[in-house]
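Biologist: I'd like to learn how to read a protein model. Could you walk me through one, feature by feature?

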Amino acid sequence: MYYYGNETIMSLEQVLRLKASEIRILEWVRTYEFLENSYGIDEAVPYFLEIKCEEGQVKIRKNRILDFPEYSCEEEATFQEVDEALRVFHEWAQEILAKKESQSK
């Protein structure tokens, strides 16, 4: 985990353990652009995710990495409740991890 200003940066595995109460406290979380492989070496992932509490809503984004640090938003959703947003955020993280694992086999 890494803090940069008001942004918390975590691995995809770490965000899967996030709870709604932690999102409310942290307010803005995004995932790393890299994923550690079984040899301890960082490998690039094609996406990073963001979840951000804004006034009266929670916004999540799935961003495709183009040529780092350039990226484009591929999916964005807004929710009234952190629990709802976190459920979709976790689904996106699991999808990215599953794709990365299937590519490494």
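Modeller: Helices (H or I, at least four residues) and strands (E, at least two) are DSSP runs, numbered from the N terminus. This is a predicted model: local features need pLDDT of at least 70, side-chain atom pairs count only at pLDDT 80 or more, and totals for chains, interfaces and linings use all residues. Residues are numbered from 1 along each chain as its sequence is written, and side-chain values use heavy atoms, with hydrogens and water left out.

Biologist: Is Glu7 buried or exposed?

Modeller: Buried means under 20% relative accessible area, exposed over 50%, and partly exposed in between (1.4 Å probe, protein chains only). Glu7 has 9%, so it counts as buried.

Biologist: Which side chain makes a polar contact with the side chain of Glu7?

Modeller: A polar contact is a pair of N or O atoms within 3.5 Å; within protein, one must be able to donate a hydrogen and the other to accept it, and residues adjacent in sequence count only if both atoms are side-chain atoms. For Glu7, the partner is the side chain of Arg30, at 2.8 Å.

Biologist: Now the whole chain. How many helices and strands are there?

Modeller: There are 3 helices and 8 strands. From the N terminus, the order is β-β-α-α-β-β-β-β-β-β-α. The radius of gyration is 13 Å, close to the 13 Å that the globule rule gives for 105 residues, so the protein is as compact as a globular protein of that length. That radius is taken over C-alpha atoms, and the rule is 2.2 Å times the number of residues to the power 0.38. Of the 105 residues, 38% count as buried.

Biologist: What is Ala77 in contact with, leaving aside its neighbours within four places in sequence?

Modeller: Contact means heavy atoms within 4.5 Å. Ala77, in strand S8 (residues 71–79), is in contact with Val58, Lys59 and Ile60 once those neighbours are set aside.

Biologist: Which residues does a cis peptide bond join?

Modeller: You read that from omega, which is about 15° for the bond joining Phe68 and Pro69. Pro69 sits in the loop between strand S7 (57–65) and S8.

Biologist: And what about phi of Glu27?

Modeller: Phi of Glu27 is near 75°, a positive value in a residue other than glycine. Glu27 is in the loop between helix H2 (20–26) and strand S3 (28–31). Its relative accessible area is 45%, so Glu27 counts as partly exposed.
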